[in-house]
Amino acid sequence: MTHAPCEISWFSALCDDDYEFLGVPDARLKSSWEHCRDIVLQAESGGFDNILLPSGYALGIDTTAFAAAIAPMLRRLALLMAVRIGETWPPQLARQIATIDRLLGGRLRVNIISSEMPGEQLGSAPRYARTIEAMQILRTLLNGEQLDHDGTFWKLKIDPPRIGTVSGKAPLLYFGGLSEDAREAAARGADVFLMWPDRQETVAAIIADMKARAARHGRTLRFGYRAHVVVRETEAAARAAADRLLSRLDAAEGAAIRAKSLDAASAGVAAQAALRENAADDGYAEPHLWTGVGRARSGCGAAIVGDPDQVLAKLNAYRDMGIEAFILSGYPHAAEADLFARHVLPHIEHAPLG
């Protein structure tokens with residue numbers, strides 16, 4: 001099957017998620033301006049199209065401030081800036097997005113996170129309803145239109161920001177979530193629906209469901225896949241490198257890392273746990289999909305593991321299913337970005353999503 005170019009993104013560990021050995025803190029790999037800057041610059045020099053800047057209220061460093069600081073250093077790389085809706089006032093966020101897009105020369109994308117504020121107890125339905133409102137507000141303002149919004153969470157009548165994006169349009173909004181409320185929010189407001197790793201038949205079923213949901217709202221979605229990767233010259237070396245990542249993990253420490261994440265109770269995290277629990281004894285849920293990463297982190301908990309041809313074949317299988325964007329990561333992040341950039345990236349046709 002011939003494919004249109006896909007977007008290949010990397011990940012900058014802004015939320016204290018970088019290790020040589022999973023679950024074993026390393027002061028040199030803790031989130032800092034210097035360390036996370038170096039990961040982004042590694043992705044730029046390696047030829048990646050985009051890089052996800054994650055966001056966590058209690059972990060790491062501030063995503064929006066980091067994006068503004070790194071933007072003038074980049075010549076080609078796009079930024080996928082995560083924003084936590086529970087912590088924002090949408091008109092202010094629209095100004096920030098427009099300003100950072102200008103700093104980047106028009107290469108900003110936004111990952112919408114349907115978050116609560118720490119200490120806030122908001123049920124799933126109202127939390128996602130708030131997120132839908134926020135996406136509507138952002139899209140209106142960033143499309144350069146006047147806003148007259150009479151919603152449940154915000155009542156706003158304001159002119160658009162004087163500073164708009166380079167394109168004059170809202171950037172692509174990436175969004176992920178598996179609950180019923182999350183799927184409906186994505187169908188109504190997102191541009192790119194992000195998935196965490198799962199068996200290929202499950203991924204295909206999610207894509208089919210989301211296409212149907214979007215169609216019911218008169219919309220279309222594009223699809224992205226967020227996964228870790230371990231690529232080495234041979235499959236045996238890749239599997240050994242994956243095993244090495246877990247070689248010093250204390251089970252209690254792994255459980256503590258998973259529990260402290262604010263999304264630890266989400267449907268997506270539950271699906272990652274089920275994938276891990278139902279995997280074979282060696283941790284592989286299907287050929288080249290290894291669930292060991294999820295023993296030491298919440299969220300995305302599986303890695304594509306193999307030699308360059310095997311990793312490439314796995315990515316192309318997802319492309320056959322309709323995936324247009326990949327957000328990849330590995331441990332340590334800068335080192336694995338270099339390996340992927342040398343061994344796989346030259347063999348896959350890729351470009352930023354337009």
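Mentor: A residue is called buried when its relative accessible area is under 20%. In this predicted model, helix H11 (residues 333-343) has the buried residues His333, Glu336, Ala337, Leu339, Phe340 and Ala341.

Trainee: What do the buried residues of H11 pack against?

Mentor: Their partners are strand E1 (7-11), H1, strand E9 (222-231), helix H10 (308-321) and strand E13 (323-329).

Trainee: Which residues of helix H5 (residues 180-189) are buried, and what covers them?

Mentor: In H5 the buried residues are Ala182, Arg183, Ala185, Ala186, Ala187 and Gly189. Their cover includes helix H4 (124-142), strand E7 (173-176), strand E8 (192-195) and helix H6 (200-216).

Trainee: Why does His149 count as buried?

Mentor: The relative accessibility of His149 is 12%, and the limit for a buried residue is under 20%. His149 therefore counts as buried. This residue belongs to strand E5 (residues 147-150).

Trainee: What makes the pairing of the His149 and Glu133 side chains a polar contact?

Mentor: The distance between them is 2.9 Å, and a polar contact requires N or O atoms within 3.5 Å, one able to donate a hydrogen and the other to accept it. The pair is accordingly listed as a polar contact. Beyond its neighbours within four places in sequence, His149 touches Glu133, Gln136, Ile137, Trp154, Lys155 and Leu156.

Trainee: Is Leu59 buried, exposed or partly exposed, and how do you know?

Mentor: Leu59 has a relative accessible area of 26%. Buried would require under 20% and exposed over 50%, so Leu59 is partly exposed. Leu59 lies in the loop between strand E2 (50-53) and H2. Its C-alpha atom is 4.9 Å from that of Cys15, although the two residues are 44 apart along the chain.

Trainee: Which residues meet where H1 contacts H2, and how many are nonpolar, polar or charged?

Mentor: From H1 come Trp33, Cys36, Arg37 and Val40, which meet Phe66, Ala69 and Ile70 of H2. By class, six of these residues are nonpolar, none is polar and one is charged.

Key: Residues numbered from 1 in each chain as written. Predicted model: local features only at pLDDT ≥ 70, side-chain atom pairs only at ≥ 80, totals over all residues. Heavy atoms only, no water. Helix = DSSP H or I, 4+ residues; strand = E, 2+ residues; numbered from the N terminus. Buried < 20%, exposed > 50% of the residue type's maximum accessible area, 1.4 Å probe, protein only. Contact = heavy atoms within 4.5 Å. Nonpolar A, V, L, I, M, F, W, Y, C, P; charged D, E, K, R; others polar.
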